[in-house]
Amino acid sequence: MVSAGPFDRRSCVVAVKLPEDTESGIYPMTDDSGQSTTLQVGPSGRATFILGELKSGATRTYRIGDAAPGGPSDAGVRVTQEGDNIKVESRGHDILRYQGEKTLPAGYEPQYARAGYIHPVFTPSGKLVTDDFPPRHKHHHGIWSPWTKTKFEGRTPDFWNMGANTGTVEFVGIDATWSGPVVGGFATRHRMVDLAAKPQPRPAINEAWNVRVYPPVAGARPMYVFDWMSTQTCASDIPLVLPKYHYGGLGFRGNRQWEDKSNCFFLTSEGKDRSNGNETTGRWCHVGGKVDGEMAGVALLCHPDNFRFPQPMRLNPDEPFFCYAPSQGGEWSIEPGKPYVARYRFVVADGAPDVKEIERLWNDYAKPPKVTVK
């Protein structure tokens, strides 16, 4: 039984916990009116479906049928591993790619070689909304997540500004990829390495990514929606101390055409923009501008379980760059035995930001429908 709660629901991602011995697969679900939808069950009974429409205060009961045959050809989201890179698409249209193989543009210093990030990201019409290795900030990479100002074993490695050559982020491996009619995704691992340690570099943080991508959200303006989760743990019994600083954490680098300041627009959940939104807090922020003459953008939604929610934000005044930066709130640390978990949802669409729609999507993400299973 699904309860909408206080919000109208439409094309809402719903997570369901079934008994752990439930077999992975694709299951039909039928409600009391005879309408059907698809339930995708993964390992340990973790299941997902898309709730088409349910008004606030309403409930709907589904009955789950027997597992249905299915395969990659039936995938609403198809995920393909190409070496250590991952391609995510839907019905022949690219959504995003994960870069696991280390790359370096010609003429760049060797310390800038990087893997373990997401780029490119596209809108439903095919507009590119991310950038990689921009010449003015060679260390920026689409969607990535290192720390900047740190203290580790008495040293101060910088895992973000790779030109300093005091820290780096290494790709470790791909743990899983999956495709499906409801959700596709991947799980990968990285490590943040202190390059200043002697006699050899020392890993400081182990990081696991879990990325879940959903089929395009239909409507007057289609959208791509995907969830990003990072779990960071200490690589030793030494904490990573994070002093107060204005950026570091989840970073987003926008399309290179947005380097023109007159063509880059920020909007936060609190109604602030580039002129007054830097170092404020917000539940979400939209970053966008024209790509080849047409508007496109990305809304980054912050989950309420995140540390220091609503998190402080870096809205760069000169570059098409955004960061959720919890270190703006003061010094803190990632301690041994206490994982740091960060969750965000990305909404990628053509056109200018639709505040009402972003608010609806944030409510779906932060305050999802209640589900009871019998």
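A cis peptide bond joins histidine 119 and proline 120, with omega at about 0 degrees. I then turned to phenylalanine 309 and proline 310, which are also joined by a cis peptide bond, with omega at about -10 degrees; proline 310 has its place in the loop between strand 21 and strand 22 (313–315). I noted these bonds because most peptide bonds are trans and most residues other than glycine have a negative phi.

Before going on I wrote down that this is a predicted model, in which local features need pLDDT of at least 70 and side-chain atom pairs count only at pLDDT 80 or more, while totals for chains, interfaces and linings use all residues. Residues are numbered from 1 along each chain as its sequence is written, and side-chain values use heavy atoms, with hydrogens and water left out.

Backbone angles came next. Serine 11, in strand 2, has a phi near 50 degrees, a positive value in a residue other than glycine. Serine 11 is partly exposed at a relative accessible area of 22%; for these classes buried means under 20%, exposed over 50% and partly exposed in between, with a 1.4 Å probe and protein chains only. Serine 44 has a positive phi as well, near 60 degrees, and is found in the loop between strand 4 (36–41) and strand 5 (46–54), where its relative accessibility of 44% counts as partly exposed.

For the whole protein, I recorded 1 helix and 26 strands. The radius of gyration is 21 Å, close to the 21 Å that the globule rule gives for 374 residues, so the protein is as compact as a globular protein of that length; the radius is taken over C-alpha atoms, and the rule is 2.2 Å times the number of residues to the power 0.38. Of the 374 residues, 52% count as buried, and the C-alpha trace spans about 65 × 45 × 40 Å along its principal axes.

Which residues touch the most other members of the largest nonpolar core? They are Ile118 and Trp228, in a core of 54 residues, where a nonpolar core is a set of buried Ala, Val, Leu, Ile, Met, Phe, Trp, Tyr and Cys residues joined through side-chain atoms within 4.5 Å. Leaving out residues up to four places away in sequence, isoleucine 118 touches, among others, Tyr98, Ile143, Phe186, Trp209 and Trp228, contact meaning heavy atoms within 4.5 Å. A second, separate core of 16 residues includes Met223, Trp284, Leu301 and Ala349.

I followed strand 18 (residues 250–253), from which Leu250 and Phe252 point one way and Gly251 and Arg253 the other, all of them buried. With strand 23 (residues 321–324), strand 18 forms an antiparallel pairing over 4 bridges, and cysteine 323 is the bridge partner of glycine 251.

Two side chains were on my list for polar contacts, that is, pairs of N or O atoms within 3.5 Å, of which, within protein, one must be able to donate a hydrogen and the other to accept it, while residues adjacent in sequence count only if both atoms are side-chain atoms. Aspartate 194, in strand 14 (residues 184–194), is buried at a relative accessible area of 0%, and its side chain makes a polar contact with that of arginine 155 (2.6 Å). Tryptophan 332 is buried at 10%, and its side chain makes a polar contact with the side chain of serine 327 (3.0 Å).

Last, I checked helix 1 (residues 355–366), which is mostly covered, with 9 of its 12 residues buried. Aspartate 354 caps its N-terminal end, a side-chain oxygen lying 3.3 Å from the backbone nitrogen of lysine 356.

Notes:
Helices (H or I, at least four residues) and strands (E, at least two) are DSSP runs, numbered from the N terminus. Two strands pair if DSSP finds at least two bridges between them.
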